[in-house]
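Subject: Handover of a structure

Dear colleague,

Please find below the structure that I am passing on to you.

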Amino acid sequence: MSRIWQITGRNFTGKSTLAISDLLGKCAYAELDAGSFERTATGENPDITITEFYPPLTALEDIGVVRTDSAGKSGGGGISIVHTYKGWQENMVGINAWVLATCADDAISRGIFDTASLLWDTMQNATRQRAQASGLNADQLADRLKTLEFQEPNAQFYGIVSAFKRAKKDLILINHEKEEWKQNQPTGKMIPDGWRKAEDSVDVHLRMSIEAGVITAEIKKAGGIWKGPQLIGKKIAEPTLNKVSDYLAAADKLLRAEIGLPDTEEETLEMAGAI
C-alpha cells in the first residue's frame with residue numbers, strides 16, 4: 001500500500017533516517033537541504049539515488065532593493081526587499097522532470113523531498129522569477145504576485161502529490177518546523193514549515209522528537225485508517241516506516257472490531273494479533 005507521508009520535527013530528530021528506512025525497491029531522493037542525506041550517517045546505498053536541487057544563493061548574489069510601497073510576501077504593504085531571482089525556474093524545471101521520471105520508473109517505489117520546506121520556497125521563487133521576466137513594472141508585479149506566489153505553487157504541489165498517487169508510489173515530504181503566528185504575535189505552537197495545504201493531501205503525518213533519549217514519532221494524522229482520528233497523539237518509539245505501517249494496520253483492525261486502542265504500540269500489536 002503506497003502512502004503520501006509528511007515527517008516533521010526539529011533538527012536532528014531522525015526525520016531523514018525514518019524516510020529511508022525499510023526500503024522495498026529503489027528510492028529517488030531529492031536533496032534540497034545540502035547535506036541532509038549525509039546526516040543520516042547511513043553511508044552509500046546502491047538502492048538510493050540522490051539528486052541535488054540546491055536553492056540558488058539569491059540573498060548573497062543579489063543584495064536587493066528596498067521598496068516602501070510593495071505588497072511584500074505578507075500582502076500587507078510596508079517595507080520589503082525585492083531581489084532579482086535567477087536560477088529558481090531552472091531548478092523547478094529539473095524538479096518537475098525528476099518527478100515525472102521517478103513516477104514512470106517501475107523499479108522505484110519511493111520518492112523523498114528533503115526538505116519539502118525548501119521545495120515550497122523554490123516553487124514560490126520560481127514564480128517570482130517568471131513574473132519578473134514578464135515585463136511588468138514594479139507596481140504591477142507586486143500586485144500580481146499577491147495571488148500568483150501562492151496560486152501557482154499550490155497547483156504545482158498538488159500536481160506532484162497527484163503524480164505519486166497515480167503511480168502508486170510512496171512520497172515522503174520532510175519538513176522543518178516554524179513557530180505559528182496569529183495577529184502578528186507568536187503562539188508558542190510549532191507547525192510544519194512550507195506548503196500550508198500539505199496536511200490536507202498527505203495520508204500520514206508523523207512529528208519526530210527525542211523523548212528520554214529515544215527517537216519517537218507522534219501520529220498527527222492517520223488517513224485511510226478506520227476512525228483514524230483516534231490515533232492522533234499515539235507515539236511509536238524508535239520508528240521505522242514498516243513499524244509505523246504495522247501499528248496503523250493493527251489499530252485499524254482493532255477499531256473495526258469496535259475494540260478500544262490500548263496505550264502502547266506493543267499492546268496494540270498483541271491485541272490485534274489475537275483476533
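The notes below cover the pocket, the nonpolar cores and a few individual residues.

This is a predicted model, in which local features need pLDDT of at least 70 and side-chain atom pairs count only at pLDDT 80 or more, while totals for chains, interfaces and linings use all residues. Residues are numbered from 1 along each chain as its sequence is written, and side-chain values use heavy atoms, with hydrogens and water left out.

The largest pocket

A pocket is here an open set of points, on a 1 Å grid over the protein atoms alone, where a 1.4 Å probe fits, with protein on both sides within 12 Å along at least five of seven lines; lining residues have an atom within 4 Å of a point. The volume of the largest pocket is about 790 Å³, volume being the space filled by probe spheres set on the points, which are joined across faces, edges and corners. Its lining consists of 28 residues, and Lys178, Ile191, Pro192, Gly194 and Arg196 lie nearest the centre. At least two lining residues come from each of helix H4 (116-132), strand E8 (177-182), strand E9 (185-192), helix H6 (198-201) and strand E10 (204-211). Helices (H or I, at least four residues) and strands (E, at least two) are DSSP runs, numbered from the N terminus. H4 provides the largest share of the lining, six residues. By class, the lining holds 13 charged, eight nonpolar and seven polar residues; Asp, Glu, Lys and Arg count as charged, Ala, Val, Leu, Ile, Met, Phe, Trp, Tyr, Cys and Pro as nonpolar, and the others, Gly among them, as polar.

Gly188 is placed in strand E9. Gly188 is exposed, as its relative accessible area is 54%; exposed means over 50%, buried under 20% and partly exposed in between (1.4 Å probe, protein chains only). Beyond its neighbours within four places in sequence, Gly188 is in contact (heavy atoms within 4.5 Å) with Glu179 and Glu180.

The nonpolar cores

A nonpolar core is a set of buried Ala, Val, Leu, Ile, Met, Phe, Trp, Tyr and Cys residues joined through side-chain atoms within 4.5 Å. The largest has 31 residues, of which Trp5, Ile112, Ile172, Leu206, Ile219, Leu231 and Leu248 touch the most other members. Helix H7 (241-256) is one of the elements that supply at least two residues of this core, and H7 gives the most, with eight residues. A second, separate core has 29 residues, including Leu32, Phe157, Val161 and Ala163.

Ser36 lies in the loop between strand E2 (26-31) and strand E3 (48-52). With a relative accessibility of 2%, Ser36 counts as buried. A polar atom of the Ser36 side chain lies 3.0 Å from the backbone oxygen of Asp33. Leaving aside neighbours within four places in sequence, Ser36 is in contact with Ser16, Tyr29, Glu31 and Asp114.

Ser16 belongs to helix H1 and, at 13% relative accessibility, is also counted as buried. With neighbours within four places again left out, the contacts of Ser16 are Tyr29, Ser36, Thr40, Asp114 and Ile174.

Ala28 sits in strand E2 and is buried, with a relative accessible area of 4%.

Yours sincerely

Conventions
Polar contact = N/O pair within 3.5 Å; in protein donor to acceptor, adjacent residues only side chain to side chain.
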